[in-house]
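User: I am learning how to read the packing of helices in a protein model. Could you take me through one case with care?

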Amino acid sequence: MKKYLIIFVAIFGIAFNSNAQEKKKKNAKYDIEVRGNCDMCKKRIEKAAFGVKGVKSAEWHAEDQTLHVIMDENKTSTTTISQAIAKVGHDTGEVRATDEDYANLHNCCVYDRNETK
C-alpha cells in the first residue's frame, strides 16, 4: 500500500509542477528596436525576421525605428530575431551588427551607429 501511495504522490507532484510553469504564447507581440533608413532597409529587416522559424508577422517602421513582431515563443525569441537582423547589417536594441555586415549595406542604408548602444 505504501508503494502505491508513494507513486501517487510522485505523479501528483510532477503534474502539479508542470502546470505551475509559465506557458509560452503562440502569438506573442514584441517591439524590437532596429536601426535603418529606407525602404531597402525595411525589406531587408523584415526578410531577416521572417527567416527565423516561429515569426508569424514582422513589420518595420522607419519613423520610430521599431520592428513589430508576432512570434511563437515556443520556437524563437527576440534575441534570435535580433541576431538574424544583425547578420544583415542592422543594429538592434539587443545585438549590434558586425562591422563587416554593416559595411555591406547599400549607401542609402548606412545609418549613424554613434546613436546605437
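**Reading a helix crossing**

Analyst: Helix 2 and helix 3 cross in a right-handed way, where right-handed means that the near helix is turned clockwise from the far one by less than a right angle. Helices here are DSSP runs of H or I with at least four residues, strands are E runs of at least two, and both are numbered from the N terminus. This is a predicted model, in which local features need pLDDT of at least 70 and side-chain atom pairs count only at pLDDT 80 or more, while totals for chains, interfaces and linings use all residues. Residues are numbered from 1 along each chain as its sequence is written, and side-chain values use heavy atoms, with hydrogens and water left out.

User: Which residues make the contact of helix 2 and helix 3?

Analyst: Contact means heavy atoms within 4.5 Å. Ile45, Ala48 and Ala49 of helix 2 meet Ile81, Ala84 and Ile85 of helix 3.

User: What is the general idea about nonpolar side chains, and how many residues does the largest nonpolar core have?

Analyst: In soluble globular proteins, nonpolar side chains tend to be buried together. A nonpolar core is a set of buried Ala, Val, Leu, Ile, Met, Phe, Trp, Tyr and Cys residues joined through side-chain atoms within 4.5 Å, and buried means under 20% relative accessible area (1.4 Å probe, protein chains only). The largest such core here has 21 residues, and Ile45, Ile81 and Ile85 are among those with the most contacts inside it. Helix 2 gives the most to this core, with four residues.

User: What does Ile81 touch?

Analyst: Leaving aside residues up to four places away in sequence, Ile81 touches residues including Ala49, Leu67 and Val69.

Methods
Buried means under 20% relative accessible area, exposed over 50%, partly exposed in between (1.4 Å probe, protein chains only).
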